[in-house]
Amino acid sequence: MSLAFLALSVLPFAARAANAATPPAPGQVTEPAIAPAQPRLPPLIQARGSELAIELTRADLRTQVRGSVATTLLTLTFTNPNSRVLEGELQFPLREGQTVQAFSLEMADGSMMKAVPVPKARGREVFETVVRQRVDPALLEQTAGEQFKLRIYPLAPKRPRQVQIELQEWLPVGNDGRQHLRLPLNFAGTPAQALQVQVSLPAVQAQQISLGEGLAAADVRTEGDSTLVSLQRAAFLASSEQLTSEGLAWPAVQRDTVLTSRIEGRGYMHAELQVPSQTLARAKPEHIALVWDASGSGLRRDHAREFQLLAALFKWQPQATVHLRVVRDAAEPLRQFAVRDGDWRLLREALEATAYDGASNAALWSEPIPMPAGKGLTLLFSDGLGNWGDSPAEPAKDGPAAFAVNASTTANALYLRQWAERRGGVLLDLFRQEPAQALGAVQQQSLRLARVEGEGFADWAVPSRYPEDGRMLIAARLTAASATLDLVFEGANGQTQRKALTLQAPPPSAEGASDFAAKRWAQLRVAEMLGQAHLHKAEIQSLGQRFGIVTPETSLIVLESLADFIRFDITPPAGPWRQAFLEQRERGQSAKLASKTQRLDALAQRFAEFEAWWAKDFPKKARPASKHAPLEGIEGERGVPPPPPHFARPPELMLSPPPAMAAPAPAPMAAPAQAFSADPNSARERSGVVAAPQRQGQAVTTIRLQAWVPDTRYQKRLAEAQAQDRYAIYLDERPQNAASTAFFLDAAEVFKAKGQLDLALRVLSNLAEIEAENRSVLRILAYRLQEMGAKAEALRVLRRVAEIAPDEPQSSRDLGLAYAANGQYQKAIEALWETATGQWDARFPDIDLIALNELNAIAAQHPGLDTAIIDPRLQHNLPLDLRVVLAWDADNVDLDLWVKDPNGEWVSYAQPLSYQGGRISRDAVRGYGPEVYSLKVAKPGRYEVRAKFFGSSRQVISGAPSLMLQLSTGFGSKKQQDRQVILRLQNPRDEILVGTFDVGLPTQTKP
């Protein structure tokens, strides 16, 4: 079944109107006017290859406003015009103050099934497991920042399907004294074939309502105590109509507002309080530090607005020393610029010439920049989407005030706000403030909430410690029948100001009547922890599950049947299924304990079988001719006995055999082989010796891997360029290849091959920037980092993979091997033991046994490690002369390992044991592998290693699968040497020669 990919971006942000131009003063440099802010997002729906785009058949939006709370039910109807089943992805950002209350998916009978909370990694695991069974799941998860992704399966051919998302938000009051409601009507350039909007407001006179440009034709009428705004359109295309940022606006009520909720016997409150403004002018800084995030996602920032802010800054302070630090995956050297009489042209030219490339290392944003005490301030220009390096350090207590500047519609504004406020500054959001207004926040020091005193409450949380437009938002958990909150503010001059609030907790009769205050409290608590999320993962997950909100650690999932809820141990929505589920769960606890013991016993039995193979002496003479199977010309199929594949190679690919009875001369040690894209019809493969001889005094073994030669047009262009021009050519090629992971992999290989390792790592780090949640891409990124010698960076990436996909045994195995590569051997055997003893899906047939052998090898090579956790039945190192490991990066893909020995005999899934004892692990046809070839005693001669792309059953179409092969000699001994190669196979039935082992004449010493 051929399948396609769907990416849908719904943006609840409308473009802003252009600013009125102000005539410049005499002699002043004129700054360009700010164009209306345009979301720089991909098209609403993408279909890769030749697939037709998914159609947004209908968008139905119904919003109800009560007080300052708006509840919006967004119903989207999609139709798949293709002739095949698709999996869909709906991607959308939320604004600060918005929460996802619920979402539902249409089932086959037309009913809407409501989602339930689940730990994020578990949700992804369950969704993908159910998709493989061809039934109906849906998953809503948070990705980077405030970006959300809704995955839907299946989208059947020619049939519409509905999804509902319920949003709630606290409506802000602008400095004009009006409440503003922005509607999610910008569908990123894709038309809705039909649109219906209805907004119910508290009774407001029609002439007091401001309608955005896209709603200018709406009907406004009064019904009872409500005012209704209605709009029906056909072929609605929001981006062409330039909706303004207001959407709807009306006069706000000028008073304190308090809401309460009672959920599961606990009370919660949320309040908006009037706080008089109190400001003090900030001294003009003599030194200004600019931390400029130049990572790849910086291309999406509105630099015109950023430059407008800087122009206003230097107009206010025309004499300053600017310290510029440009950061990506690594930091550029610090540069200084002298701004005199407001002339900052040299600085601007440097910023305009900045290349946006590489990952975002958030730790670099916080590194101190030396400035005289009390005479400086810091501005961070970033989208807040960190994805590289270590966690940011704690701010220095005596450091200068630091402000975060956001000019991106896809930013992590919550993180940026936390970053700034922990450093004595505020978030300057250039999509909510004009540059002059943002500058005012820099020029003035205002009241700051220092603490909250009182009784009857706990765990208070605020979206910001600074009042906005004379209003302060606060939420808390109530612990008594009545509560008194005394908010203590500190002014810049050291004076304090208090605001008291007394309220009653909701009575038991109010249980479940409204959950807004409870969910809002949970959301604010999560937001406060995001500044150091790595320290609060458990609490963030707990809050998400208790309150049914989507967080970086919690998702919402829809399952089709009670059997699925029971199978995956996920509590269903309230209703008749829940009691049946709880009863079944109680009966299943003892079965889980028995299952763990049974798994360990089964592993011990299979390990004993492997030991028996290892202990057997296999013949090393030539195999009798009568027993030879056909060796060429037959293409194998699953379940058919051993026909080896047809591996025809052009003459230039043939490697000279070793001398008949002599060991080959020792070859010098060389760098690991380069990775390359494989085309079976290409003559790109060239032999190259890349490994040193092994096993001195026993047998001389040389590993030869295929040398890499540029293949694509851009690779050749980069490879042929002069060193000083290569990066500029890469930047020239990047725009048309920005969505291709293959482009960054290939380009990084060119820079590496040409000795420009720092640029190779920067280019490679883009994979973390463009695919922050894609475990397959992150795995291949880690493999490439290991190949380039960046072992610490690879370890960090694999830790992230283990968080994203703890259900996949590759996660703990890769992590264990990465620990070993970094010299952390105890952690290595612990991670590999987790792989060996975990409960994994059947599509990973032998990975437990493979990891166990690797664990024993590490323990034998590094005596003194604590192996008490390992079952004594499984503690036995089994060294090998030759070992080959094939793994790949894409789920639901079948790749095969083939090894031909000096007898001319192929070992593969079709013939797993050779005459001389070469053994291959069980065939992995739906997972990531690995498949492993093992040989205890190697017969002299040549061993040829090939990989073949058998097929794919993925639900989404992406690029060619990448595979990693590791060839080892002396495995499990002190002499172990490893070489690896990473390559791609384009199409099913593609095959490629990976490399060879040349084994010389052994001595009398036994292996």
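Reader: How many helices and strands does the secondary structure of the chain come to?

Author: The secondary structure comes to 19 helices and 44 strands, where helices (H or I, at least four residues) and strands (E, at least two) are DSSP runs, numbered from the N terminus. This is a predicted model, in which local features need pLDDT of at least 70 and side-chain atom pairs count only at pLDDT 80 or more, while totals for chains, interfaces and linings use all residues. Residues are numbered from 1 along each chain as its sequence is written, and side-chain values use heavy atoms, with hydrogens and water left out.

Reader: What makes H14 a mostly covered helix?

Author: Buried means under 20% relative accessible area, exposed over 50%, partly exposed in between (1.4 Å probe, protein chains only), and 11 of the 14 residues of H14 are buried. Among them are Leu 764, Leu 767 and Ala 768, and what covers the buried residues of H14 includes helix H12 (723-733), helix H13 (741-753) and helix H15 (775-787).

Reader: Why is the set of 68 residues called a nonpolar core?

Author: A nonpolar core is a set of buried Ala, Val, Leu, Ile, Met, Phe, Trp, Tyr and Cys residues joined through side-chain atoms within 4.5 Å, and the largest such set has 68 residues, with Tyr 730, Leu 764 and Leu 781 among those with the most contacts inside it.

Reader: Which residues is Leu 781 in contact with, leaving aside its neighbours within four places in sequence?

Author: Contact means heavy atoms within 4.5 Å, and on that basis Leu 781 is in contact with Trp 388, Leu 764, Leu 767, Ala 768 and Val 797.
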